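Colleague: Can you take me through this one? I'd like to start with the charges.

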Amino acid sequence: MSAKQSLTDAYQLNDGRTIPCVGYGTWQTPDGEVAKNSVKTALEVGYRHIDTAFAYYNEVGVGQGIIESGIKREDIFITTKLWNTDRGYETALKSAQLSLKNLGVEYIDLYLIHWPANDIVYDDPKAVNAATWRAFEKLQKDGLVRSIGVSNFLAQHLQQIFDVCEVKPAVDQIECHPGYPQFETVEFCRQNDIIVEAWSPLGCGRVLTDERMKAIADRYGKSVAQLSLRWELQHGILPLPKSTHADRIKSNAEIFDFSISDEDMKTIDDMPEFGYSTFSPLTLTF
Ligand code: A2P
């Protein structure tokens, strides 16, 4: 059962910092006015955690939304991610500077390696992941990023980092939603005190049309989106719902006034795979 009461209730990170338990996702949000205005709407609604990435090509608009919101920088938790073409020590350091500039901020709250290097693309992916992580540790030491973590890492990739790191990843952001919970990775992270964030917590919208989910949601008087996000929270996972529509941004935050029963949690947990994006860190060719 999630004891979280609001968007700003926090999960504890393994580096001593905290992170708001729901983030506003921006994957596939176009840069410019759309990114700026939807981030402003999210902040007005009460989100205090914004998730973007260099490769979403919207850091500039996201940053403008944050500035124009008038909310103090220190009251907003900003995550961005290093893109795959910038893996490695020097390139990661440079790319972080670019993200800081794009966002118009002095520091990033959480910086993630977007995807692990794999053996399809690299002769020695472990060395590449290690070099990138060294850069992340330096960025943290230099105060340019506060917390460091990874995204789309499976246990085997996390183990590569554990073998070489001074600082353990604080977060692993993975695809996670009803129909594709990735419980094995979630459990590995839990055992290693790493917070799991869910990208595409609504399966990029694919979960929303599922009739079984709809039947459960109806019993709670909630939408399938709210049921999915609540299911993630009750698993101790941090959802990052994306929408560019004000009504949905608002309703996706209304997940603290109901609780899913153990029986319904189990029914959702046990659903056969559906809604999977098909993006796998093991087969990615970039
Ligand atoms: P839109 O941005 O047009 O609202 P995910 O967060 O899993 O990636 O899902 C995002 C997708 O789901 C987007 O296509 C978004 O569309 C849509 N979406 C987000 N919230 C809702 C909602 N409450 N109801 C319906 N669709 C939603």
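Colleague: How many positive and negative side chains does the protein have?
Modeller: This is a predicted model. In it, the protein has 28 positive and 40 negative side chains. The centres of the two sets lie 4 Å apart.

Colleague: And the surface, how much of that belongs to carbon and sulfur atoms?
Modeller: Carbon and sulfur atoms account for 50% of an accessible surface of about 11900 Å².

Colleague: What size of box do the C-alpha atoms fill?
Modeller: Roughly 55 × 40 × 35 Å, taken along the principal axes.

Colleague: How many of the residues are buried?
Modeller: Buried residues are 58% of the 286. As for contacts between residues at least 6 apart in sequence, 75% of them join residues at least 24 apart.

Colleague: Different topic. Where is Asn192?
Modeller: Asn192 sits in the loop between helix 6 (183-191) and strand 9 (195-199).

Colleague: Is Asn192 buried or exposed?
Modeller: Buried, because its relative accessible area is 18% and the cut-off for buried is under 20%.

Colleague: What does the side chain of Asn192 reach?
Modeller: The backbone oxygen of Phe188, at 2.8 Å.

Colleague: And leaving aside neighbours within four places in sequence, which residues is Asn192 in contact with?
Modeller: Asn14, Phe162 and Lys168.

How values were computed. Residues are numbered from 1 along each chain as its sequence is written. This is a predicted model: local features need pLDDT of at least 70, side-chain atom pairs count only at pLDDT 80 or more; totals for chains, interfaces and linings use all residues. Side-chain values use heavy atoms; hydrogens and water are left out. Buried means under 20% relative accessible area, exposed over 50%, partly exposed in between (1.4 Å probe, protein chains only). Contact means heavy atoms within 4.5 Å. Accessible areas come from the Shrake-Rupley method with a 1.4 Å probe; for residues, only the protein chains shown count as cover. Lys and Arg count as positive and Asp and Glu as negative; His and the chain ends are not counted. The place of a charge is taken as NZ of Lys, CZ of Arg, CG of Asp or CD of Glu. Helices (H or I, at least four residues) and strands (E, at least two) are DSSP runs, numbered from the N terminus. A polar contact is a pair of N or O atoms within 3.5 Å; within protein, one must be able to donate a hydrogen and the other to accept it, and residues adjacent in sequence count only if both atoms are side-chain atoms.
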